[in-house]
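Here is a short report on one protein structure and its ligand.

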Amino acid sequence: MGSSAAWHLAARGEQVTLLEQFGPGHDRGSSHGSSRIFRLAYADPFYVSLAVRALPLWRRLEAETGRRVLELTGAVDHGPAAATSALHDVLRAAGRPAELLTPAQAAERWPGLLADTTALFHPEAGRVHADRAVAAFQQAARQHGAHIRHGVKVTRLSVRGGRAEIVTADERTFTADSVVVAVGGWAPGRLSGLLPGLPAMRVTQEQPAHFPAADALDWPSFIHHPGAGLADEGGIYGLGSDDGVKVGFHGVGPVVDPDHRDRTVAPRALAEVQRYAERWLPGVDPTAPVASTCLYTTTPDHHFVVDRAGPLTVLAGFSGHGFKFAPVIGELAADLVGGAPARGPFALGPPRAA
Ligand SMILES: Cc1cc2nc3c(=O)[nH]c(=O)nc-3n(C[C@H](O)[C@H](O)[C@H](O)COP(=O)(O)OP(=O)(O)OC[C@H]3O[C@@H](n4cnc5c(N)ncnc54)[C@H](O)[C@@H]3O)c2cc1C
C-alpha cells in the first residue's frame, strides 16, 4: 500500500521518499508471493466501485512499467444460494457481467473444482502477481522521481508543530509535511496512542498452501462461502498461479507478533487444507502441498482504515482482502494528502463494532 501511495504521490509531483525496513521482495509481511485474488464481487457496492476503479489503475501501472501484473481469469463463487445470488444482484446493479450456474454447469467449465449448491461466475476477476505488483509500484514511483530506500527501519514517529518527524534505526531524522504510514501487521504496535480513533486490529499468521495441478494457470479464482456444504465460518479461497493452485482458509490463523513469529505452518492447519483439497478440488494433487505464511491485519468490521489526522495519513487494517485494491488505496492516500476527506467506511472514528 505504501509503494502504491508513493507511485501516486510522485506522479502528482510531490517529493516522495519511501522507507522500508526489509529488502526488495521480502516475505515477512502481507504482500509477497505470486498470487492474490482480484474480483469485483463484494456484497457492499462501495467495494465493487473500488474494485472497478482498480482495474484501469492496474493497467496503467502495467503500461508505465512494462510488467504484467493482473491476469483476468474470471471468478467462481459457490456455496449457499443466499451468498451467490446477493453477489449476483450487486454486480448486475453495478452494470457488471455475472451469471448464476448450477454445480453441474460449473463442473463442466472448470472440472478441477466441485461447486457446492449454487455457483456465480463473473469474468472481471482473476489474479494479481503480488511480488511483481510491489516491484512495479516501486519502479513506477521511482520513474516519477521518488526515492526508494530499503533496509531503513523507522523507530520513532511523532508530530511536532504540525509536521511529522521520523527517526530511523540508524539515528537519521526526517521531517515532512506529510507522512503516509502503511506498515501492515506492524500497525497496532507502531500506531497505538498516536492516532485517535484507530480501530483495534488483530494480526494473524495465515497458512495457505499451493497444490500441484497440471493446468494451474487455467483456473479461475474461487471462493467457497460457508453455510451449505462447508461448515467453517471463514470460508475458503483459492486461485491458480505460477506456483500451483493456492488454497487457504480465510482469517483463521493464530494471533502473532510480526517481529517474533515462527513462520512455520501448523501441521493441523496444513492437514485441514489438504482435507479440503481432497474433498472439493479433484484437479489438484492433495498429497503434495507447499505451505507458506503471511500476515492478516484485521479490523473488527473488516473495513480498511484509510484516513488522515494532521500530517499523518494511515493505510491499515486490510483484513486479508486489500491487495486487489492496492492501486486505488494509493490513489486515495494521495487524495487525503491533498486535503480530501476519508471515503465510505474507511474513516478513523468511534470504536468499530464486530
Ligand atoms: C495468505 C494471504 C492471502 C491473501 N489473499 C488476498 C487476495 O487473494 N486478494 C486480496 O485482495 N488480498 C489478499 N490478501 C491481503 C493482502 O495481501 C493485504 O491486504 C495487503 O498485502 C496488505 O498490504 P500492506 O501494505 O498493508 O502490508 P505489507 O505488505 O506487510 O507492507 C507493510 C510494510 O511496512 C514495512 N514496515 C513495517 N514497519 C516498518 C518500520 N518501522 N519501518 C520501515 N518499514 C516498516 C514492512 O516491512 C512491510 O514491508 C491476502 C493476505 C494474505 C496474508
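## Ligand contacts

How far does a polar side-chain atom of His26 lie from an oxygen atom of the ligand? The distance is 2.7 Å. Polar contacts here are pairs of N or O atoms within 3.5 Å. Ile37 uses a polar backbone atom, 2.6 Å from a ligand oxygen. Ala182 places a backbone N or O atom 3.5 Å from an oxygen atom of the ligand. On its own, the ligand has 1000 Å² of accessible area, and the protein covers 94% of that (Shrake-Rupley method, 1.4 Å probe).

## Basis of the model

The model is predicted: local features need pLDDT of at least 70, side-chain atom pairs count only at pLDDT 80 or more, and totals for chains, interfaces and linings use all residues. Residues are numbered from 1 along each chain as its sequence is written, and side-chain values use heavy atoms, leaving out hydrogens and water.

## The shell

The ligand is surrounded by 31 residues, each with a heavy atom within 4 Å of it. Glu20, His26, Ser31, Ile37 and Cys294 are the closest. Strand 19 gives the most to this shell, with 3 residues. Strands are DSSP runs of E, at least two residues; helices are runs of H or I, at least four; both are numbered from the N terminus.

## Helix 3

Thr84, Leu87, His88, Val90 and Leu91 are the buried residues of helix 3 (under 20% relative accessible area, 1.4 Å probe, protein chains only). They pack against helix 2, strand 4, strand 5 and strand 6, with contact meaning heavy atoms within 4.5 Å. Ala82 and Ala93, on the other side of helix 3, are exposed (over 50%). Gly95 follows helix 3 and has a positive phi, near 80°.

Terms used
Polar contact = N/O pair within 3.5 Å; in protein donor to acceptor, adjacent residues only side chain to side chain.
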